[in-house]
Amino acid sequence: MSLVINDLHVDVLTEEGPKQILKGVNLTINPGEVHAIMGPNGSGKSTLAYALAGHPKYQITSGTVTLDGTELNELAVHERARAGLFLAMQYPVEVPGVSVANFLRTAKTAIDGEAPKVRTWVKEVNGAMSDLGLDPSFSSRSLNEGFSGGEKKRAEIVQLQLLQPKYAVLDETDSGLDIDALRVVADGVNRFTAQGDRGVLLITHYTRILNYIKPDFVHVYVDGRVVDEGGSELAESLEVTGYDAYVAASRAHA
Amino acid sequence: MTVTEAPNVAGAIETIESHLHPKPSFDLADHPVPTGREEVWRFTPLHRIGALLGEGPDAGAVAVEVEAPDGVRVETAVRGQSPRGDVLVPGDRTAALADSAAAEATVVRILANAELAEPVRIHLTGTDASARSARVHVIVAEPHSKATVVLRHTGSAQVLENVEIDVRDGANLTVVSLQNWDDDALHAGEQTARVGRDATYRHVNVTFGGSVVRLHTNLYYEGTGGDAELFGLYFADAGQHLEHRLFVDHNAPHTRSNVDYRGALQGKGAHSVWVGDVLIRKVAEGIETYESNKNLVLTEGARADSVPNLEIETGEIAGAGHSSTTGRFDDEHLFYLTSRGIDPVEARRLVVMGFFVDIIRRIGVDDVEAGLIAEVERELAAATVGAAPAASVEE
């Protein structure tokens, strides 16, 4: 039982045609593990996140992804979510006219295959909002519409808490957050992992969030490949050295 | 039934001529066959409505049935017989044709001080898609009455229809006009209301059916303190042309109007037109008006035209504004919602329902609201047949 990414090659579809971004990614995330993927801009971190979730612009050209034995490649976006995958997005989309409350209930129903219990659900939603420092009035607002950058990220973690996936991919959830918001969001992620049987793939550009969320493994990405791997100590050394050496080495190889 | 001769009302109603709203007239000679270059016709596919533009008799292709609760009197009126012609003077050729060909108008009179327990329902059923019908309905809400009137258009025909609505002092009237035509119906309509002193008027247009539907919704006041809300919902599918033209004439001080129209479009050749004109006359001090049109384009190949116009002749007003937005339901919305386990059909439903629900909730007639929700569901279900699968990419 794990999320297994095997020799994944992914193209992004651009106006000029497909462009290869991921050039053979291997990664296994076991329940209870937190993996951090770090890398400079353009290294393919977000591509990995979108490809896992099934965004139509990102096409898997070879390799496989399996979630607890279920192959995700051929599944539609909503089927991947129902299989237990969650993507906290870097830029959550504003959906006018759809209230947060209605959206959350619909998503919960879709994931669980049955409607949540009326009696406890509202309490649960309000509890998750309050855990993430969002006023309960957010429930009645249109999804992400007019939310500040930080509010959108908090709302993503509210969803994580309520939908309870098996594996969560957090795509630069830390970017654009002030230190208070970062703590609140990190606490939310830590509550999720504290359950012991959930896997997290934390994609980040900065080491800052790793002061609050301790990764079990760190993978460094450059140009669509893993160039270095290690424990949380690798993040600490990256804090000092940065990505320059990796980028230079990658260019020398190419 | 008392019969009174109407005065020459065309002369009695003050009118301002402009390219946005040509001078109203009962005389067909004042309304030449449009060429398509006129401001008021430039969006309309004239080649598809030739059947509505020529002179001709009423072929009786629309059956009328009125369900009226206590407190309502149903009458008829011939041309020139009040209350017919008291409020509506035809604003374009199709309205003039409707009036000249409709021998008898149906008059629904809500009696003074009556508060109706149930809506008045006027069922209009098209019985022949290749035959033309001309209809005139007159709704009079006498002083201090409170009522809802639902006009439900179903079936198919080539329809010319005028609805004149007289909201007398202190009355509270809601008119809901449902255009649930079959796919091949043609409908040109004018619905004009006169809102009396301290009267409250709500008009709701709901246009889902028909091949070409072109509706004028007009409004003016007969005293201070009139309050009017004009709501609209439309859903244009492939090949449908749905056109709503509004004209709010603030001809009295301290009156209020609010226009809110929302439309969804899907499919190749789906076309909606919304034109909202608000005229604030010199005399209309202290008025307040806002008009809004929002469109939601669900697929490629659909087109929404939206034109708000404000003509302001006095600066002494409480407020005036308008907005027009056209949004797209695109791959990113779909991806976000489906990434939370919501299937693509449900995602579309969420967004469209969310878009329409504010207006639907304001109708206030339970079975109409429920019917509308079912109708939106039906439109959405139809849209997914043959729609691109979620995983496909359009470049």
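Let me start with one residue: G230(A) has 15 C-beta neighbours inside 10 Å, so it counts as partly exposed. The scale runs like this: buried is 20 or more other C-beta atoms within 10 Å of the residue's own, exposed is 12 or fewer, partly exposed is in between, and C-beta atoms are placed from the backbone. G230(A) sits in strand β12 (residues 225-230) of chain A. From G230(A) to F103(A) it is 127 residues in sequence and 39 Å in space, C-alpha to C-alpha.

A word on the source. This is a predicted model, where local features need pLDDT of at least 70, side-chain atom pairs count only at pLDDT 80 or more, and totals for chains, interfaces and linings use all residues. Residues are numbered from 1 along each chain as its sequence is written, while chains are lettered from A and ligands numbered from 1 in the order in which they are written.

Now chain A as a whole. It has eight helices and 12 strands, taken as DSSP runs numbered from the N terminus (helices H or I, at least four residues; strands E, at least two). Its radius of gyration is 18 Å, close to the 18 Å from the globule rule for 254 residues, so chain A is as compact as a globular protein of that length. That radius is over C-alpha atoms, and the rule is 2.2 Å times the number of residues to the power 0.38. Of the 254 residues, 44% count as buried.

Next, a helix pair in chain A. Helix α4 (residues 118-131) and helix α5 (residues 149-163) pack at about 140 degrees, axes 9 Å apart. That makes α4(A) oblique to α5(A). Oblique is what remains after under 35 degrees (roughly parallel), over 145 (roughly antiparallel) and 65 to 115 (roughly perpendicular). On the α4(A) side, E124(A), V125(A), A128(A), M129(A) and D131(A) meet V158(A), Q161(A) and L162(A) of α5(A). Contact here means C-beta atoms, placed from the backbone, within 7 Å.

Last, the two chains. Their contact takes 23 residues from chain B and 26 residues from chain A. α4(B) gives the most to chain B's side, with seven residues.

How values were computed: Contact = placed C-beta atoms within 7 Å. Axes fitted to C-alpha atoms, helices over the stretch in contact; angles between N-to-C directions.
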